[in-house]
Amino acid sequence: MEGGLSPWMMWPQGVNMLGEAEDMPLGINGVNPCLDENGESHRTSRFELMNRHKMDTGNPVLVVRRGQPFRLKIYCDRPFDEEKDVISFMLSVHPMNGERVSHGHGTVVHLPLQKEDDGVDEDESDWRAVLESAEDEVLTVSIRPSAKASVSKWNLAIDTKMAGTDQVINANVSVDFYLLFNPWCEHDYVYLEDETLREEYVLSDTTMIWRGCNRSFHPTVWKLGQFERDILECSFLLLSTVGRVSATYRGNPIRVARALSAAVNSNDDNGALMGRWSKEFPDGTPPTKWVGSVEILQQYYETGTSVRYGQCWVFSGVLATISRALGIPCRVVSNFNSAHDSEASLTIDYYIGESNNHLSEFSSDSTWNFHVWNEMWMQRPDLGERSDELYDGWQAVDATPQELSDGMFKLGPAPVKAVKRGDVNVHYDCDFVFAEVNADEIYWRYRGPGQPLKLVKKDPTKIGQFISTKAVGSWEREDITESYKFEEKSCDERITMMKALKQASSPFARIYTNEEFHDIDFDVEIRNDVKIGEPFTIILNIKNNSEDTPYPIEGMVHVDTVLYTGKLRTPLKAIPFEVEVQPSSTSSIELHVDFEEYYSNVLDQAYFKIMCSASVQGTNYEYFAQDDYRVRKPDIKINLDNEPSIGAPLYITATLENPMPIPLTSGVFRFECSGVWQPVEIPHDYIEAGETAVIKFRMTPHLPGSAQIAAKFNADELNDVDGFVSFDVREDTSELNAGRSLKEGLVFT
């Protein structure tokens, strides 16, 4: 029949040309992704994607980890015949941004179904599909992704045919699933041996971030929320679309970490979060108002527009959320007196004029009261054969846009072990991280054009103090300073500094050194427990160690309000002094600052810069000291009024005392809780001076296990007030099942 179908092609399916029945390939009616079983074994059961069938919020999507088998149940139209039926699985990455997927790039995989006892030598880098059981029309199949597979959204399709034939039937049934890094798999680059560490750095959805200054720092609770709605999808969007990591390389945690450090900030692209370091945020949310990452990432995923605004701890919190969502162990690290070495000299150079003013035009170096970055756990095979000894483990990664790296605002991964050894040329950006924790602070006196610079002070111990992260399994601070640097002033520390300077080709430039003078000691004294609303006093004690010589001394004590980055200084109060200190005696200079004096000028997070300078008459000796200070804000206290259980209302009481002598107006409380999909916002328009506000509300937990409530309060007169409580949620199946849909999450033709 010209131009038509051959007669046999029009014959009814399953019947030969003689009208006799013939064997047909196995038909597939549906696939059960075994969400509960796979979620438990892969530690992914808390992802909102995996629970949509239970909450009636949409179709669920399977989330599993690479290098570890996951189970499917396949429903057939007849019993499976091992001798005749051949089943194959075609797995392919969902292409994003028009990227091409192919076998050669490891983004398309063809798997024949094998028997468990096939005796095939296993290679952990290979994919494998194994038939576990065949009961009537139901097959139980185990799919093991490669431990090096692309961390992406995948699709699994099924083909069937009869043995010895070429006729293939596509089942028209497929399963989508997200494949994550697997720190439980020894063959994964992010393998982390200790289960308690995996629980803390992968599964915990709340952390603590320390802020403040070296004199007074405090924890802020941060809800990571890596399992909540849109978070995993947004993480892959940032990685592939903004970070431009193709599916071929999304299984490499080194590339992933480096790309994410750029994709979280918006400086080079349409990243998740826009930074601003100023005292005004009229067109966005002030960084101090965020309680966690969830709202930021959900807003970005919905709008595709960079969220305003973030500062270092916000960037770090968002990066920690994305890292844990993708399966890379990650923690948040705070460094006090953190150096910003813009000149790559491994020193922080300050130039001081005659009136003790900072001459910022001479250098853009600065010391931040604190800075927050991340550490991600991974192997570094890119650094050579011995990298397992030298550089595997925690890697510093920083999403705060500070300095360019390879032409973009990104940093890391920098091996923390390399930073401690002073190996500043190791990839990536070890020199910058080394300076952040171990630079020497240098103060130069500038007396005008043509005059030699005078080295007034060199402080090798100030930079990099109290390097902190949340302790494993508790809400305490763990000091990890030792992992970044040797003990200050130790022989090892000085040797490491000189090694780093030599590698960086930046030897110290010394023009004129300050005269050594031991007859006079200076010491700055200030209380560290002052609450906002209270006055504070700065005391400069001057001790004359000489037994026979009096010394006339003149100088100045002054205090400025300042951002935590050391920028935007606003002069607050100063007192010049002239005093003659008698032999073997002490004189004190006091600068008293009342609440009314500092409140109207305080910036952002209530930081102050204290500076003391003095010259000893008749000598060439000058004293200069600079320190950071912060008045303490109150805490929100949270109490649970009943026992927490899944699906049941949890009643909560929160209290906040106003410590200031003025009322708080237009206040808003915000509460976020683990396992609760929506935050709670409660306005509180007026809190009288000294009054305690009492807030009562309720939440309904949806997930069992450890949970936390993070609280934030902001008013016109007082912002960035925190509180938190940790508790366990028990599973009450009677209440839980009463209103729960029992859909199995089947995929049907």
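This is a predicted model: local features need pLDDT of at least 70, side-chain atom pairs count only at pLDDT 80 or more; totals for chains, interfaces and linings use all residues.
Residues are numbered from 1 along each chain as its sequence is written, and side-chain values use heavy atoms, without hydrogens or water. Local features need pLDDT of at least 70, side-chain atom pairs count only at pLDDT 80 or more, and totals for chains, interfaces and linings use all residues.

Helices (H or I, at least four residues) and strands (E, at least two) are DSSP runs, numbered from the N terminus. Helix α4 (residues 231-242) packs on helix α6 (residues 294-303) at about 60 degrees, with axes 9 Å apart. The axes are lines fitted to C-alpha atoms over the stretch in contact, and angles run from 0 to 180 degrees between N-to-C directions. α4 is therefore oblique to α6; angles under 35 degrees count as roughly parallel, over 145 as roughly antiparallel, 65 to 115 as roughly perpendicular and the rest as oblique. In contact terms (heavy atoms within 4.5 Å), Ile231, Glu233, Cys234, Leu237, Leu238 and Val242 of α4 meet Val294, Leu297, Gln298, Tyr300 and Tyr301 of α6.

Helix α5 (residues 253-263) is mostly covered, with 10 of its 11 residues buried. Buried means under 20% relative accessible area, exposed over 50% and partly exposed in between (1.4 Å probe, protein chains only). Arg258 is among the buried residues. Asn252 caps the N-terminal end of α5. Its side-chain oxygen lies 2.9 Å from the backbone nitrogen of Ile254.

Asp77 sits in the loop between β3 (70-76) and β4 (85-93). Asp77 is partly exposed, at 47% relative accessible area. Leaving aside residues up to four places away in sequence, Asp77 touches Leu26, Gly27, Asn29 and Glu137.

UniProt lists residues 304-401 as "domain: Transglutaminase-like" in an unreviewed entry. This span is 19% helix and 41% strand.

Definitions and conventions:
UniProt positions are given in the numbering used here, feature names are shortened, and annotations may be inferred rather than shown by experiment. A polar contact is a pair of N or O atoms within 3.5 Å; within protein, one must be able to donate a hydrogen and the other to accept it, and residues adjacent in sequence count only if both atoms are side-chain atoms.
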